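Subject: Structure handover

Hello,

Here is the structure I promised to pass on.

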Amino acid sequence: MTSSSHLNRRTLLKRSALAGALTLPGVAALTSCASGGGGNGGDSTGSGEVSDRNPFGVAEDGGVEVVIFDGGFGDEYARDTAALYEEHYGSVTLDSTQEISQLMQPRLVGGNPPDMINNSGANQMPHPALIRDNQIADLTELFDAPSWDDPDVPVRDTLLPGTIEVGQYGGDASYHLNYVYTVHGTWYSKRFLNDTLEEEFPQTWDEMIRVCEKARRDHDVYGWTYAGQHARYLAFSMLPMAVKVGGKEVMEAIDRLEPDAWKADAVVATFEAFEELAARGLVLPGTPGIDHIDSQTEWAQGRALFIPNGSWVENESKEVIPDDFDLAVGAPTGLDSSDALPYGVIYAAAGEPFLVPQNAKNRAAGMEYLRMMLSNDMARNFTDKVASLTCVAGSADDLDLPPGLASAQQAIQGAGDNIIVPRFRDWYAELFIDHMGVAMGQMMAGELTAAQATDRIQQAANRIADDDNVEKYL
Amino acid sequence: MHSEVPPDSSREAAGDPADGRPAARSGVAVAPPPERPRPEVRPGVPTRRLVLAFFLPPSLTPEAVKYDRRYRALDKYRFVAWFTLLPLAFYLLLVAWPFVQAFYYSMTDWSGYGTEFNFIGFDNYTRLWSDSQFWDATRNSLVLLVFAPVITLALGLFFAYMLNAGGRHRRNETVSGVFGSKFYKVVYFFPQVLSVAIIAVIWARAFSPRSGVVNPLLENVGLGALTQNDWLGKYGLWVTLLVLCWSFVGFYVVLFSASMGSIPKEIYEASLLDGANRSTTFFRITFPLTWDAIRTGWIYMGIQALDAFAIVSIMIPRQGIDVLPTFLYLKAFRDGQAAYATAVGVVLFLITLTFALLMMRVGRRDRIEF
């Protein structure tokens with residue numbers, strides 16, 4: 001199926017055989033196709049004895065099969081967890097791959113999935129489809145279980161806010177555990193901003209314009225650059241800004257696909273603010289046509305001051321970020337003093353999903369493996385090894401963090417309750433990528449005005465709201 | 001023609017080859033005299049014995065069957081059938097069967113991830129009909145289908161002609177390529193050696209507005225007004241077309257060179273004696289005599305143009321274009337709508353099929369033997 005387009009063409013020249021294809025056994029035989037399979041899965045509790053130390057009842061010698069996405073985080077942290085698992089239970093089969101979908105989709109459809117999947121990377125499987133087809137287990141059981149370090153505290157209470165929510169799709173059930181805590185915002189070189197420019201991070205848009213113009217005038221540095229070919233990165237700064245201006249209802253309306261969500265004054269004002277950046281020539285020329293790596297490189301080399309990005313940038317661009325760069329993230333700049341929320345609103349969410357297949361043979365073991373990953377030691381080990389925060393609260397305290405990560409942690413603390421988690425990014429990927437991202441990029445390239453861009457996004461949101469083929473979650 | 005006839009026991013019993021076979025042969029070769037009615041029935045063995053013989057090796061075929069006039073055809077097809085049985089079985093299982101499955105799945109609501117789905121008839125196709133993204137992708141694919149073969153084949157033909165017959169006349173040679181043609185042939189073929197992913201990455205770099213080579217090039221030749229800050233997003237279709245043509249021209253140069261190399265020099269000599277110039281020689285001799293290769297190349301290039309998946313998905317950002325295969329991919333793997341994507345695949349299949357059949361029919365000419 002997936003490669004039918006290729007097969008089609010390759011075989012076309014052998015068209016003579018096509019007649020044969022069409023006279024093949026009748027439609028009655030068709031039901032025995034690729035999607036045969038389908039198991040009714042394992043039990044959520046294993047055969048072992050249930051206790052506070054073993055809340056899912058994993059058998060004493062029970063094994064587990066886990067599949068890890070071998071991306072920026074590697075798989076060493078997972079092997080460390082595997083060693084811990086093997087101390088307590090049976091053996092761990094750990095596979096790491098970059099082709100999650102290619103390898104896991106057939107096994108899910110065939111009813112023979114592993115016990116835990118790190119569903120991430122470019123070949124991630126879409127969660128909405130997996131949930132609709134009842135392929136993923138509800139992790140509520142895991143979140144209610146006693147935590148690894150202290151049986152009196154449930155796992156739920158050891159996690160940073162927004163962790164369980166990102167796994168929820170319009171209900172209480174939470175389908176994936178997002179392990180890596182990511183802070184999105186406006187990234188900059190603290191050394192350049194504070195020491196060279198002698199400015200503080202701008203908190204109102206007037207200040208933003210002033211700082212950018214000063215950088216342009218005095219140091220020939222442009223104010224902004226961004227991943228023009230993935231212009232949705234702009235949302236990392238624009239969405240929190242819109243929320244700061246208009247309050248949390250703005251984000252809720254967008255997530256609900258409300259008919260005037262993108263036409264709210266706060267959203268349009270935010271778009272206009274960014275349009276002004278471009279119109280004043282404060283965006284690095286050529287930005288609309290460069291990809292994320294190029295934009296990060298230009299920015300790290302000091303050709304632009306600010307970039308909307310996530311906390312992975314520190315690792316992703318470590319080759320090009322100078323040692324004295326003093327990387328920092330600022331909570332997105334607001335409009336002015338009439339904003340609904342104080343400065344500090346930030347888009348921070350747990351990313352890097354881990355899930356337990358509904359039909360896993362050893363679901364209990366899959367959950368237990370995740371519970372171990374959420375232990376303080378394992379989370380700390382992760383931060384130590386791959387320089388990223390986890391969703392386990394306090395696990396990175398008094399660790400010696402690199403500057404960007406330390407700044408991200410400060411930003412989380414500074415935000416207090418004003419952390420936003422835009423859910424439509426997971427729920428309606430098409431809206432986020434194809435419509436919002438593209439419209440933002442076209443506006444910054446000068447092809448659309450702020451009003452036209454928000455109109456476009458709103459129309460797309462309306463279309464998706466009316467599309468019965470897309471599951472809605474609110 | 002062969003109606004079921006009662007067994008002629010006397011003939012069968014006689015079993016005389018000298019009697020039976022020449023008779024059959026004469027019946028085929030010589031027209032029966034008009035006054036004699038054409039024999040309606042020919043004595044032979046019952047059809048079921050022939051059918052049975054089809055499945056038996058020749059050594060086990062009864063003599064009586066061997067003398068049947070239909071045996072020769074049977075023998076031929078039995079030979080062909082048994083030798084193609086294995087490939088045919090593979091073909092049916094691995095190619096034809098997935099096709100049938102694809103048609104079936106395009107009429108379900110399968111997400112690609114579940115085990116359960118419903119048969120919904122032609123709903124996916126009616127949805128396609130009113131899906132503007134699908135029409136955009138189709139339009140782009142069709143533009144590529146029309147332009148990519150024309151440009152690539154025209155360039156391929158031109159270069160191949162220049163390499164083979166475009167040079168000055170040298171002593172002892174009627175026709176020869178331009179100076180250094182062997183070197184050019186190798187250079188033209190270079191893109192074929194690169195993987196398509198690398199080609200896409202290289203060209204994406206070239207079109208980058210910050211570090212690319214295209215904008216500075218335009219500026220240096222005084223066309224600074226044409227520089228763009230988002231080539232791939234704004235002109236994705238034309239960039240794709242360019243890269244497609246660039247990456248395939250070399251292949252056609254080599255293909256057409258081989259085809260042109262087999263044209264006898266005497267034909268060129270004769271035309272040169274008649275005073276034909278290069279363009280006449282090309283249009284009157286080279287072009288018609290390489291037509292078979294051109295037609296095959298046209299179909300092949302059309303199929304490449306309808307694909308373009310790797311180039312578009314690697315090179316073109318989301319604000320750029322989709323072609324049918326990339327649209328299919330997004331629907332299947334990003335949006336979890338495998339059945340809908342399969343319907344796109346079926347449409348793509350039909351377009352490809354129509355194109356190939358059309359090209360085969362339009363381009364049919366009498367083969368010129370030389």
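This is a predicted model: local features need pLDDT of at least 70, side-chain atom pairs count only at pLDDT 80 or more; totals for chains, interfaces and linings use all residues.

**Domains of chain A**

Where they meet, 7 residues of domain 1 of chain A are in contact with 8 residues of domain 2 of chain A. The domain 1 side of that contact has 4 nonpolar and 3 polar residues, with no charged ones.

**A helix pair in chain A**

Look next at α18(A) and helix α19 (residues 450-466) of chain A. These two pack at an angle of about 170°, and their axes are 9 Å apart. Angles over 145 degrees count as roughly antiparallel, and α18(A) and α19(A) are therefore roughly antiparallel to each other. On the α18(A) side, the contact includes A:Leu431, A:His435, A:Met436 and A:Met440. On the α19(A) side, the contributors include A:Ala453, A:Arg456, A:Ile457 and A:Ile464. By class, the contact has 11 nonpolar, 2 polar and 2 charged residues.

**Where chains A and B meet**

Here 55 residues of chain A are in contact with 49 residues of chain B. Several helices of chain A give two or more residues to this side, among them α1 (4-12), α4 (100-109) and α12 (292-300). Which helix gives the largest share of the chain A side? That is α18(A), with 8 residues. The residues of the chain A side divide into 24 nonpolar, 23 polar and 8 charged.

**Chain B**

Chain B has 18 helices and 0 strands. Of its 370 residues, 35% are buried. Among contacts in chain B with a separation of 6 or more, 70% join residues 24 or more positions apart.

One helix of chain B deserves a look: α15 (residues 291-307). At 1.5 Å a residue, its 17 residues should span 24 Å. The end C-alpha atoms of α15(B) are 24 Å apart, which agrees. Is α15(B) enclosed or open to the outside? Buried residues make up 13 of the 17, so α15(B) is largely enclosed by the rest of the structure. After α15(B) comes B:Ala308, whose phi is positive, near 50°.

Best wishes

Methods: Residues are numbered from 1 along each chain as its sequence is written. Chains are lettered from A and ligands numbered from 1 in the order in which they are written. Helices (H or I, at least four residues) and strands (E, at least two) are DSSP runs, numbered from the N terminus. The expected span of a helix is 1.5 Å times one less than its number of residues. A residue is buried if 20 or more other C-beta atoms lie within 10 Å of its own, exposed if 12 or fewer, and partly exposed in between; C-beta atoms are placed from the backbone. Two residues are in contact if their C-beta atoms, placed from the backbone, lie within 7 Å. Ala, Val, Leu, Ile, Met, Phe, Trp, Tyr, Cys and Pro count as nonpolar, Asp, Glu, Lys and Arg as charged, and the others, Gly among them, as polar. Axes are lines fitted to C-alpha atoms, for helices over the stretch in contact, and angles run from 0 to 180 degrees between N-to-C directions. Angles under 35 degrees count as roughly parallel, over 145 as roughly antiparallel, 65 to 115 as roughly perpendicular and the rest as oblique.
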